[in-house]
Amino acid sequence: MMALAAVCLAAAAQKPGQPSWLSEAVFYQIYPSSYQDSDGNGIGDIPGIASRLDYIKSLGVTAIWLNPVYVSGWTDGGYDIIDYYQVDPRFGTNTDLVELVKQAHARGIKVVMDLVAGHSSDQSEWFKQSSQAPDLRYSDYYIWPSFIPESGPDPSLLRKFVKTDAPRGPYYIKNFFDTQPALNFGFANPDPSHPWEQPVDGPGPTAMRRELKNIMRFWMDKGIDGFRVDMAASLVKNDVDKAETIKLWKEDFTKWFDEEYPEGVLIAEWFNPSQSLEAGFDIDFFCHDGQYNYSTLFFYGRRGRDGQEPTVPYFDQSGRGGLQTWYDLYKFQYDAAQGKGYVCMPSGNHDFNRLCTEGRTDPAQLKVAMTFFLTMPGVPFIYYGDEIGLKQNPAAPPTEGSGGRAGCRIPMLWDGSANAGFSTAPIDKIYIPQDPDPNRMTVEKAEEDPNSLLHYVRSLVRLRTQVKALGTDASWRLVSPLDQPYPMVYERKQGDERCYVVLNPTGRTAQILLPPDPGTPTLIGGSYRSCTYRHIRRGDAIVISPESAAILKF
Ligand code: GLC
């Protein structure tokens with residue numbers, strides 16, 4: 001009976017029927033315009049990515065997520081799609097993409113595309129046609145209100161009415177920027193006095209659903225391994241509790257996808273795993289957005305919930321950060337995800353400041369943070385460049401709708417050649433300016449230094465695959481008390497195997513007294529000058545050097 005309970009617990013993290021490769025996966029996110037330029041125009045492309053596959057493989061990662069590569073109006077970094085069935089010429093052709101997938105697969109690497117489900121570009125043929133008349137093929141792919149109601153179930157929707165001179169005007173509903181009209185997946189509880197509000201199973205939304213499945217089928221049948229779905233929570237309008245949006249995914253898209261492509265992955269950008277995993281997604285992110293922030297861990301100058309925590313993040317040398325806000329939110333999501341899918345904290349992404357920023361540029365600190373990302377449960381996501389400490393460029397000019405996000409979308413730094421090997425274009429043609437510092441870190445330099453962050457990241461990825469207790473499905477428990485946040489100690493456990501991870505991002509030695517444990521662990525990894533674990537009279541004492549991370553195995 002006991003043994004059976006243990007087996008059930010060990011498997012509890014997994015969603016039944018999830019893709020077989022997922023619990024061993026480590027993702028690498030690539031912003032395609034910024035990774036490698038192969039044709040000398042200053043912008044990265046697909047053949048460029050293909051030429052770096054051996055490097056990607058060397059990291060130990062098993063999957064790539066590509067930000068959008070579709071034909072785009074480029075008013076939002078590719079998230080304003082003109083043609084969902086074509087690769088943008090700046091990146092190459094559909095054939096180049098298929099070739100990339102083949103070459104990645106030959107190395108055991110999966111390829112996942114971005115799927116912008118909630119909105120297209122206002123330059124798409126669908127939108128152009130829809131804006132003309134109400135009875136054409138794509139007319140109901142978009143929503144054309146005749147007036148702005150004074151109030152509504154979701155007040156934020158009223159701010160998304162965009163004034164237009166188009167014949168279908170005077171308004172359309174957008175999803176993000178004005179150039180991104182919302183695709184029509186219907187309304188929760190349509191108001192009969194608002195003729196533009198079709199129910200979720202109305203003719204427009206039904207046609208739209210067919211089209212979205214076509215898009216998914218088109219690319220899956222070309223060999224890709226799944227999608228990261230942009231703003232996945234945004235589909236059904238006026239759906240305040242998300243019940244209709246969850247139902248739409250659960251009873252239609254994710255159900256259909258799982259049946260057709262059982263080995264394909266669906267990753268939500270929903271920022272609320274308790275909802276998205278219920279909707280049938282395999283993974284959701286826990287990062288910068290809304291209250292589900294990990295901002296109190298990593299962001300400078302942001303307040304936690306109710307402003308009760310300092311604006312200094314936890315992963316800072318000063319040791320003035322806290323864990324409570326993050327812990328409460330993370331623990332809630334972690335518990336909600338058991339048996340349903342994975343909560344993932346990425347090392348960064350294309351929407352917020354890089355890990356290597358402001359007060360956190362020292363490789364020792366970056367190693368502590370990367371230890372966290374690569375020893376937490378859920379599937380790890382490494383944002384390209386974080387493995388070498390690619391630095392946020394606060395001076396990067398807004399580029400193609402990035403606003404303040406250009407500084408984290410900077411081109412990769414490969415070697416000592418012109419433009420750090422990213423591109424042969426003249427420097428003023430480089431997509432986003434690179435760090436001009438002559439001492440900037442590059443892959444080449446990092447390869448030569450046995451103590452580099454790059455080598456350390458590789459060792460962590462290896463350790464994670466070797467030690468099941470550090471893996472995606474192993475359980476997680478914070479062992480150190482919340483009122484003494486440094487060092488943070490958590491336990492990972494799978495079957496009989498058990499590890500403690502000890503993190504001290506501060507510039508001072510940190511120590512902690514824990515309840516006595518019958519076992520005596522040994523150090524199996526980390527980045528530290530010293531870390532001791534001793535049984536003393538009052539409990540178990542851990543002392544760890546400044547800016548250090550240690551992995552202990554019982
Ligand atoms: C997502 C993307 C972001 C984009 C937005 C609108 O949040 O990550 O880059 O601007 O959706 O598509």
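1. Helix α14 (residues 453-466) lies across β17 and β20 (548-553), at about 140° to β17. Helices (H or I, at least four residues) and strands (E, at least two) are DSSP runs, numbered from the N terminus. Contact means heavy atoms within 4.5 Å; axes are lines fitted to C-alpha atoms, for helices over the stretch in contact, and angles run from 0 to 180 degrees between N-to-C directions.

2. The model is predicted: local features need pLDDT of at least 70, side-chain atom pairs count only at pLDDT 80 or more, and totals for chains, interfaces and linings use all residues. Residues are numbered from 1 along each chain as its sequence is written, and side-chain values use heavy atoms, with hydrogens and water left out.

3. Strands β17 and β20 belong to an open sheet of 5 strands, ordered β13-β14-β15-β20-β17 and paired antiparallel; two strands pair if DSSP finds at least two bridges between them. Because β13 (475-478) and β17 (522-527) each have a single partner strand, one side of each is left without a neighbour in the sheet. On average, neighbouring strands of this sheet are turned by 20° against each other, direction ignored.

4. Within this antiparallel sheet, β13 and β14 (residues 488-494) pair over 4 bridges, and Leu-478 has Tyr-490 in β14 as its bridge partner. Helix α11 (residues 324-337) lies across β13 and β14, running at about 155° to β13.

5. Another open sheet has 8 strands, paired parallel in the order β11-β10-β9-β8-β5-β2-β1-β12. Its edge strands, β11 (342-344) and β12 (381-383), each pair on one side only. The twist averages 25° from one strand to the next.

6. In this parallel sheet, β2 (residues 63-66) and β5 (residues 110-116) pair over 4 bridges, with Ala-63 opposite Lys-110. Helix α4 (residues 94-106) packs on the sheet and touches β2 and β5; its direction makes about 140° with that of β5.

7. The ligand is surrounded by 13 residues (a heavy atom within 4 Å), and the closest are Asp-76, Asp-230, Glu-269, His-350 and Asp-351. An N or O atom in the side chain of Asp-230 is 2.8 Å from a ligand oxygen atom.

8. The chain averages a pLDDT (the predictor's confidence in each residue, from 0 to 100) of 95, and 96% of the residues score at least 70. Over residues 1-10 the pLDDT is below 50, and this stretch has 2 contacts beyond near neighbours in sequence.

Notes
Polar contact = N/O pair within 3.5 Å; in protein donor to acceptor, adjacent residues only side chain to side chain.
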